[in-house]
Amino acid sequence: MISSFIIAPLFILIFDRIFFSRSKLRNVIYWTSLVFFLAQMVMVIFPVERFMFCRVDNLSRVSLLSIGLVAFVTVLSSRQIMKDDSKRRIFISLVLIAVIGMNAVSTTRDLFSLYVFMEIASIASFVLIALNKERDAFEGAFKYVLFSAIATVFMLSAIGLILLISGGTSFNSIRDGLRISSHNFLIYFALGVFLSGLFIKGGVAPFHGWVMDAYTAAPASVSIFLAGIATKATGVYTLVRFADSVFLLTAPIKSVLLFVSAVSIIMAAIAAFMQDDMKRMLSYSSVSQVGYIIMGLGCGTPLGITGAMFHFFNHAVFKSLLFINSASLESRAGTRNMSVLSGMGKKMPVTALTSLIAGFSTAGVPPMAGFWSKLIIITALWLSGYRVYAFIAALASILTLGYILKMQRRVFWSRPADKDIQVKGAGFNLVFAETLLAAIIVSVGIFLPFWLRVR
Amino acid sequence: MKQIFLPIVTPLAAALLVLCAPKKSNRMKEALALAGAAVNLFVAASLFNKNVNFSAPWLGFGIDLSLRADLLAGFILIAAAGFGFLVTLYSLAFMSDKASAKQFYFYLLVTLCLVNGAVLAENLFLMLFFWEGLLLTLFGMIAIGGKDSYKTAIKAFTIVGVSDLCMMIGIALTAHLAGTLAMSKISLSFTPMAGLAFTLLMIGALAKAGAMPFHSWIPDASLASPLPFMAFLPAALEKLLGIYFLARISLDMFRLSPGAWPSAMLMIIGSATILLAVMMALIQKDYKKLLSYHAISQVGYMVLGIGTALPAGIIGGLFHMINHAMYKSCLFLTAGSVEKEAGSTDLEKLGGIGLKMPVTFACFLIAAMSISGVPPFNGFFSKELLYGAALERGLVFYAAAALGSFFTALSFLKLGHAVYLGRIREENKNVKEAPWGMLFPMIALAAGCVIFGLWNKFPIHNIIQPIVAGEFSESMNAKIILATVIILCAALIHHLVSVKLRKRAINAVDNIHHAPMLSVIYDKAEKRHFDPYDIGLKAVSVFVWSAFLLDRMNDFIYNRLAPGCLGLAGRFISRSHSGNFATYIGWSILGMLIIVIFLMRGL
Amino acid sequence: MNNGVLAFSIIFIPLIGALLLPLAGRISRGLRNALALVFVASSFVLSLKLIPFVMSGHTLAINKPLLMGLNFTLNVDSLAVFMAATSSLIGAIIILYSFGYISHYENQNEYYLMVVLFLGSMMGIIFSANLIFLYMFWEMTAIASWRLIGFFRKDSDWMRADKAFLVTMFGAVMMLVGFIYIYSKTGSFDIPVIRGILSARPLPDMAVLLILFGIFTKSATLPFHTWLPDAGIAPSPVTALLHAAVLVKIGVYVFARLFVVSFEMSQAWYTAVPLIAGLSAVISAGAALVEVDIKRIVAYSTISQIGFIFFGLSTSHKIGVTGGLLYILMHGMAKAGLFLSAGIIEQNAKTKDITRMGGLIKTMPLTALSFLFCAFSVMAIPPFGGFFSKYLVFMGAIEDGSFVLTFLFLLGAILTILYLLRMFKFIFLGDLKIEAREGSRIMVASVVLLAALSLAAGIFVNYPNRLVQMVVR
């Protein structure tokens with residue numbers, strides 16, 4: 001459990017606090033954290049256990065890879081978005097703390113420590129949202145805190161009950177305990193409550209109330225991190241992990257997962273149509289896409305879980321790219337209100353193109369990466385007999401495409417409005433981050449079938 | 001080169017040469033056109049009375065490049081080539097000052113090529129290829145007529161094109177039923193399906209020949225298009241082709257017998273065409289338009305003759321076809337002479353020019369007597385054969401044909417009187433006889449009328465009868481001859497009396513025109529209330545608008561309904577996300593409760 | 001060259017080449033234009049080179065086995081080669097025309113990129129024998145056409161581009177579910193493999209229905225055709241490309257690939273498909289007679305003619321299939337000619353409303369003549385190519401015994417004559433109402449070329465016919 005994924009960022013934090021507090025060296029944490037995130041990705045892609053100090057399975061690897069990637073681009077792009085050095089230093093520190101929490105969540109095998117690390121990540125997130133000390137940000141942060149508290153109550157009570165029944169908190173003992181007394185009244189109560197807690201963390205309808213406000217109110221850099229990975233690696237990943245190793249997806253639980261995810265997908269996609277604020281639209285989209293992940297999980301087959309985790313990764317990539325795009329718009333054009341923006345395609349070609357790629361990936365249009373994960377999810381649903389849900393998943397991608405196209409039309413491709421919007425020059429980091437993510441999307445999209453190997 | 005290809009290739013080559021001829025020299029293209037037509041005549045003559053076959057594989061599925069020249073085909077071929085030559089000759093003088101002459105010759109030669117191809121084709125599909133190709137030259141020849149002639153061109157194209165499409169289906173259906181596309185191998189009896197196929201093919205043939213209800217472009221074209229076109233296509237070649245094909249399908253491909261219902265259908269169409277068209281011809285006040293209605297009316301006789309399914313009728317029909325081509329061409333050519341010399345074809349503006357143009361007048365006289373069925377001209381003999389067959393099938397058909405003759409005679413008395421006799425008008429004082437280039441074709445055709453009249457046994461026995469299986473009695477029915485003579489005399493008397501009463505020849509038929517019931521119908525007909533084309537277009541437009549509305553409704557679903565519903569739902573959802581803590585928490589708790597209850601429901 | 005490499009190059013030269021065009025455009029416009037033409041023309045030349053190979057009765061499958069039935073399979077047979085040659089020929093002519101047409105507008109780099117990308121993806125669809133790869137290329141064409149339809153960037157243009165994308169996407173995902181259905185039955189997305197497993201059993205009806213959704217949306221058939229007339233706001237070469245030559249033929253081609261060549265459908269579809277196609281043909285022909293926007297009329301005409309192609313392909317008789325395939329070629333050339341002529345007219349007359357035009361035959365005689373030739377081909381007047389294909393379609397239908405449907409389509413064919421003549425009359429005949437010059441030389445040349453090709457395709461109909469007959473054998 002104590003792995004390099006936790007220790008290394010901790011060291012970076014401590015060293016930064018002790019040695020590099022002087023103003024000249026403020027950027028040391030920026031570089032070291034970048035290096036660490038890169039290293040994390042490399043370690044996950046080419047697993048060398050000697051450097052990790054722990055065993056990771058494929059589920060964890062996907063999560064760790066996504067965390068590393070999103071954290072990397074977040075920190076990279078913060079250089080342009082967050083001009084104030086000292087504030088950025090605090091920001092990076094908080095990101096590192098959150099990453100510690102999430103990395104631990106991804107690798108742990110114990111329910112209680114999972115809970116603890118989840119809280120660590122959450123607390124870092126609260127502060128991140130409120131980083132700018134604005135009124136909206138406080139409100140968003142407060143909503144997040146409040147809902148986290150409710151989720152905590154749910155989960156803690158559920159953990160208590162589970163502990164009561166199974167007599168241990170490691171996943172294995174819980175699984176054994178649940179298997180022995182699988183018809184216990186309390187178990188289903190505990191599972192229901194626990195699921196609800198995770199749904200709140202993951203931001204699934206109807207537990208998603210906090211998502212829009214928190215994502216929208218957070219500073220630009222923060223929302224990249226938050227929407228891209230933070231809530232997914234805690235709530236959604238935990239759900240997948242539990243479903244995979246503890247829950248023994250029974251029929252009623254599958255129905256709950258599928259139903260909740262279908263509601264999420266459709267409701268949020270329709271709501272996303274009506275938004276003017278780009279970030280708010282993207283947060284609705286986030287709710288919708290989390291629905292897909294859970295839907296893949298809900299069909300309970302290995303193929304479905306594969307699809308879910310694949311979509312987890314894809315979502316991390318395209319959603320953080322979209323949030324970088326919106327951050328880029330906000331910092332360079334001064335607004336992210338889609339009814340004001342127009343004709344940005346000419347002025348910000350890279351942002352326009354990458355947002356298009358990310359958008360298509362969201363909608364599952366080939367040859368983008370999102371197509372494959374959706375394909376796998378729909379196939380899995382169809383193969384396990386949930387044909388109605390397969391249709392919902394398939395047709396909802398039209399809704400998705402609809403709001404993506406609407407966003408594209410309004411922001412990037414329409415004729416510039418009379419009132420010309422002045423655009424500041426793009427920095428290298430932003431362009432690099434956008435291009436990197438877009439390249440990942442496209443190359444995964446095109447070459448994925450050629451990379452698939454029998455293990 | 002196979003001999004049988006020559007009639008197709010020669011005119012085509014000539015046509016392409018004409019097209020390539022230099023713009024400046026008039027003579028060059030005229031010489032080319034005339035040479036092309038002459039060579040074509042020669043080639044056609046060389047094929048006459050020969051049996052030549054050619055076949056080569058083409059598209060598969062029974063579609064071969066197969067040609068066959070037999071007696072009937074050879075006969076039509078030589079007739080078409082003859083008309084082609086005469087009309088070309090005539091046009092040299094007539095079209096000499098027209099800018100569109102080059103196009104005209106091109107179309108004319110291409111038409112010859114296509115007609116020859118259609119006549120020679122043994123494969124039905126190949127025939128359709130040439131047959132439908134005629135649409136192009138038809139369109140082109142009318143369109144070069146003048147400023148507004150395009151409207152008529154489009155009308156003609158639509159009518160003939162639609163019927164050709166019907167024929168296309170008919171051919172496919174025939175091929176399906178017979179299992180082959182080779183005309184000589186097809187032999188079908190009238191099952192309902194075969195009847196349908198026959199009807200479709202018949203539509204094509206009738207439309208080409210210009211029978212009702214496919215006729216209405218012809219009167220329009222008579223005014224809009226260059227005159228040699230009228231003498232060439234509607235008067236001669238299209239009749240030849242249409243009736244030729246009608247004969248082919250009725251005689252060879254389908255076993256048309258007097259008992260079969262298509263026989264009755266053909267006779268009804270024929271009778272109706274005779275009467276309705278001649279009634280319209282009667283009241284026309286324009287030389288060319290009057291002739292064009294007669295061109296329609298006379299088709300009725302041919303259709304009626306073939307429809308009788310009796311040997312006499314069929315022979316009469318075919319004989320009438322060739323006779324009609326001669327005298328109607330001749331009549332149109334006289335109209336052209338008058339138009340060229342007197343500058344008008346409006347009967348109001350003409351009169352008494354017979355002495356100024358004696359040759360034209362003589363030709364007109366012969367042709368007019370032919371068409372009215374005056375012995376001993378050719379029209380008389382073919383009509384007598386028809387009358388006999390019609391009478392055998394039913395008195396009503398005979399009555400229609402005879403009545404048609406009466407009106408025909410009336411209208412030509414009126415026409416001849418109004419144009420050539422009477423007092424000469426001031427503006428026509430300087431009218432001269434037409435040039436020889438125009439006179440020669442007229443004389444040749446008039447001579448043909450006389451020859452085929454006096455020696456009518458020759459064409460009937462040597463050319464037409466071998467085509468038709470079965471015997472027919474040569475003896476003419478004395479009663480019918482008597483009736484004919486009475487009809488003609490009645491027409492003459494009516495005319496004389498009427499002119500006496502009304503003073504002017506042009507008003508000779510006013511008593512019919514203004515008869516109580518008829519005048520209303522005539523008024524409407526003159527205003528084109530009965531034009532099948534317009535009625536058809538109206539019916540189509542009703543359908544079209546309903547289709548358009550259906551399409552708009554479909555659009556409405558995509559453009560308004562779907563986005564509207566989406567917007568409504570979206571607004572509802574957005575509004576419910578008010579940002580209120582309590583609401584959100586309420587949802588969460590509620591969701592949790594529902595999940596827990598759902599999970600525990602089975603326990 | 002190896003035939004496999006040939007097929008590979010047909011797809012990937014334009015596909016990868018397209019990405020180079022914006023770079024080339026930065027260097028010089030001439031270079032970019034020339035490259036665009038070269039990429040597409042090379043596809044055409046290479047597919048011509050494949051003709052002898054498939055004419056000798058050979059087929060070739062390039063296969064790279066992958067997991068989950070996602071085998072990357074390219075299939076070189078006569079159907080694919082025929083289609084590739086047809087669409088790349090028309091595509092190349094359209095690019096030639098674009099040199100003249102598009103030179104007045106902004107964003108040319110994007111234009112050429114998307115056009116060539118589109119044609120490359122089309123080649124991908126044609127040769128791909130794996131359903132998922134087929135779907136990928138399918139959606140790539142959708143992306144390219146989305147950008148092309150919205151090329152002029154007005155808000156209304158965007159709405160329509162989005163509409164086109166969304167409607168076709170709807171069909172596409174339905175089709176994808178259909179593919180997944182097939183996968184659930186057979187465990188593979190690879191067409192030859194599926195064929196082997198099904199072994200002449202018909203596909204499940206549900207799967208056929210779902211796939212037809214995709215085919216009908218792409219090929220703009222009632223009731224999913226609504227995006228096509230709306231897409232008329234695109235630049236004319238684009239409308240020609242999308243509506244006439246290539247995009248709408250994708251659906252038809254996939255229909256032929258799946259349901260004619262590869263799999264069996266149950267019997268009911270042989271009635272249902274032509275019925276839908278017939279209604280589509282008749283209703284859109286009716287709409288074409290009411291519309292006054294020149295491009296919308298031609299678009300409706302396309303919808304109507306597509307119906308005939310479906311009619312031919314859905315006869316179980318090989319005459320009909322031959323006719324349907326030939327129809328793709330003939331209609332592609334003629335309709336591209338019509339659209340491109342419409343482009344010349346619209347650009348020079350500065351209006352799309354045919355009631356405001358008239359007498360243009362005097363000022364633009366070559367365009368008028370080409371327009372007329374192409375119209376004749378669509379109307380099925382010999383000796384133009386359309387005559388043969390239409391006859392064969394009818395013949396096939398009658399051999400099949402579908403008499404009632406034949407008369408429905410006869411109505412469609414009659415309406416075709418009416419609306420094309422109406423359009424010709426309004427635009428070219430009558431009094432000269434509007435000042436308009438003849439189009440630029442290269443534009444007129446490409447239109448004349450298409451008209452001449454329509455004529456040549458009729459006179460030398462046996463060459464394409466022999467190739468097509470290899471398909472139905």
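Predicted model: local features only at pLDDT ≥ 70, side-chain atom pairs only at ≥ 80, totals over all residues.
1. Secondary structure of chain A. The chain holds 19 helices and zero strands.

2. Overall dimensions of chain A. Along the principal axes, the C-alpha trace extends over about 70 × 55 × 45 Å.

3. Burial and contact range in chain A. Of its 455 residues, 62% count as buried. Taking the contacts between residues at least 6 apart in sequence, 78% join residues at least 24 apart.

4. Chain B against chain C. The contact involves 34 residues of chain B and 35 residues of chain C. On the chain B side, four elements each supply at least two residues: strand S1 (52-60), helix H5 (124-143), helix H6 (149-178) and helix H21 (532-576). H6(B) has the largest share, at 13 residues. By class, this side of chain B consists of 25 nonpolar, six polar and three charged residues.

5. Chain B against chain A. Here 22 residues come from chain B and 27 residues from chain A. H21 and helix H22 (581-600) of chain B each supply at least two residues of the chain B side. H22(B) gives the most, with 12 residues. The side of chain B that touches chain A divides into 14 nonpolar, seven polar and one charged residues.

6. Geometry of a helix pair in chain B. Two packed helices are described by the angle between their axes and the distance between the axes. For helix H3 (residues 71-94) and helix H9 (residues 227-253) of chain B, the angle is about 175° and the axes lie 9 Å apart. Angles over 145 degrees count as roughly antiparallel, and H3(B) and H9(B) are therefore roughly antiparallel to each other.

7. Residues between H3(B) and H9(B). From H3(B), the contact is made by B:Ile76, B:Ala79, B:Ala80, B:Phe83, B:Val87, B:Tyr90, B:Ser91 and B:Phe94. H9(B) contributes B:Leu227, B:Pro228, B:Ala231, B:Phe232, B:Ala236, B:Leu237, B:Leu240 and B:Tyr244. By class, the contact has 15 nonpolar, one polar and no charged residues.

Definitions and conventions: Residues numbered from 1 in each chain as written. Chains lettered and ligands numbered in written order. Buried ≥ 20, exposed ≤ 12 C-beta atoms within 10 Å, placed from the backbone. Contact = placed C-beta atoms within 7 Å. Nonpolar A, V, L, I, M, F, W, Y, C, P; charged D, E, K, R; others polar. Axes fitted to C-alpha atoms, helices over the stretch in contact; angles between N-to-C directions. Parallel < 35°, antiparallel > 145°, perpendicular 65-115°, else oblique.
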